[in-house]
Amino acid sequence: MDRHIVIVGAGLAGAKAAQTLRKEGFDGEVTVVGQEPERPYVRPPLSKDYLMGKEEREAGFVHPRRWYPEHDVTLLLGRRAEAVDVAARTVTLDGGEPLPYTGLLLATGSSPRRLTGPGSGQGLAGVHYLRTREDSDALRTALADGGRRVAIVGAGWIGLEVAAAARGYGNEVTVLGRESVPLEGPLGPELGAVFAAVHREHGVDLRMNASTGPILGEHGAVTGVTLADGEVVPADVVVVGIGAVPNDELARAAGLAVDNGVVVDAALRASAPGVWAAGDVARAFHPRLGHHHRVEHWANALRSGPAAARSMLWQDVTFDQVPYFYTDQFDLGMEYSGFADLTAGARVVYRGTPATREFVAFWVHDSRVVAGMNVNVWDVNKPIDALIRSGAPVDEARLTDARVPLEELAAAPAS
């Protein structure tokens, strides 16, 4: 059999892997299998500019339509991979036809964590999850005319971004979160309070320390969300944003090592020969952390797809990127780089003052920066990333002094 690389998952990671294979000179067959009917696109705008009607549909695609035939990449869209036989090196598609491979990349992504059981709102019109372009289209239709009562279950990144979009359309918005402030888990109480203040100033009703009960409906349409104390938050639209789970069922059924994602080494190789994983579904070993971790953000897909492609071509690959993500909410723009695994017990220090909403926050552990977040301060993310990667010990007085270029701190020799 001629060389044939099959990529299961037609998202950003899969598309960038296909691009890298061709860029690196691979001249065998490349097939990308995707469940959605559309060619690969990026997902962050689905809760940001695209949802708010500020980005055209074509802007979100990874490649122009013509790119795939021009680079001899076969797209099998609207198709589902039903099984993988790692011994026979075959993917079975819906319909039963086998797709042989010499190399397989699993880039199946993740899915929204769903409410289950009685009161989950299943089948009720007006209950939304957000993952796909179709989801975003449906939610935008529900929000765009304004004047709706919107309840958002979950005060994480998706919940807050949707809240900002919904308020921008003139809707009444209530956010229901379990923690004391939004984003308390990833950012801590002080920085979470910054986001809380922004949302309250823009008219969002934040209900924190809130436990939700059944989602209510009448005549097949949602009417509200019940809280643990019996109060009902009226709603015409309910958005559930309570996290995501990796789409690792295919790998699990194939007998690959799975633990909250497909377990891969630092070169993104799975536990069976000829199989790799990238993007949201990959739980990769990170040399800096010394353990496996899984990252769901856009930049991880952007970077790990190409890394996996190079690894599939037997190049020397160590995927050791610093995780990165960004958000835009009302008049607050933010970039974050760092290892959430290392921020527990870290001290947070600042360049600038959070009250001004123009500042940089650093998480410092054992005199080393393990994460950094710039809020309405731009062109600093690259030196922050370099500072984290360097592992250099820092003088906090210089770190918090805006007169000291971050590049100087990143260039300091590690000890």
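**A pocket and a parallel sheet**

Modeller: The second largest pocket is lined by R114, L115, S120, G121, Q122, G123, L124, V127, H128, Y129, D135 and A138, and the elements that give two or more residues to this lining are β9 (127–128) and α3 (133–143). This is a predicted model, in which local features need pLDDT of at least 70 and side-chain atom pairs count only at pLDDT 80 or more, while totals for chains, interfaces and linings use all residues. Residues are numbered from 1 along each chain as its sequence is written, and side-chain values use heavy atoms, leaving out hydrogens and water.

Biologist: Why is a space called a pocket, and what makes a residue part of its lining?

Modeller: On a 1 Å grid over the protein atoms alone, a pocket is an open set of points with protein on both sides within 12 Å along at least five of seven lines, and a lining residue has an atom within 4 Å of a point; R114 and D135 are therefore among the lining residues here.

Biologist: What makes β9 and β12 edge strands?

Modeller: Two strands pair if DSSP finds at least two bridges between them, and β9 and β12 (205–207) each pair on one side only, in an open sheet of five parallel-paired strands ordered β9-β16-β10-β11-β12.

Terms used. 1 Å grid on protein atoms, 1.4 Å probe; cavity = no way out; pocket = protein on both sides within 12 Å on 5 of 7 lines; lining within 4 Å. Helix = DSSP H or I, 4+ residues; strand = E, 2+ residues; numbered from the N terminus.
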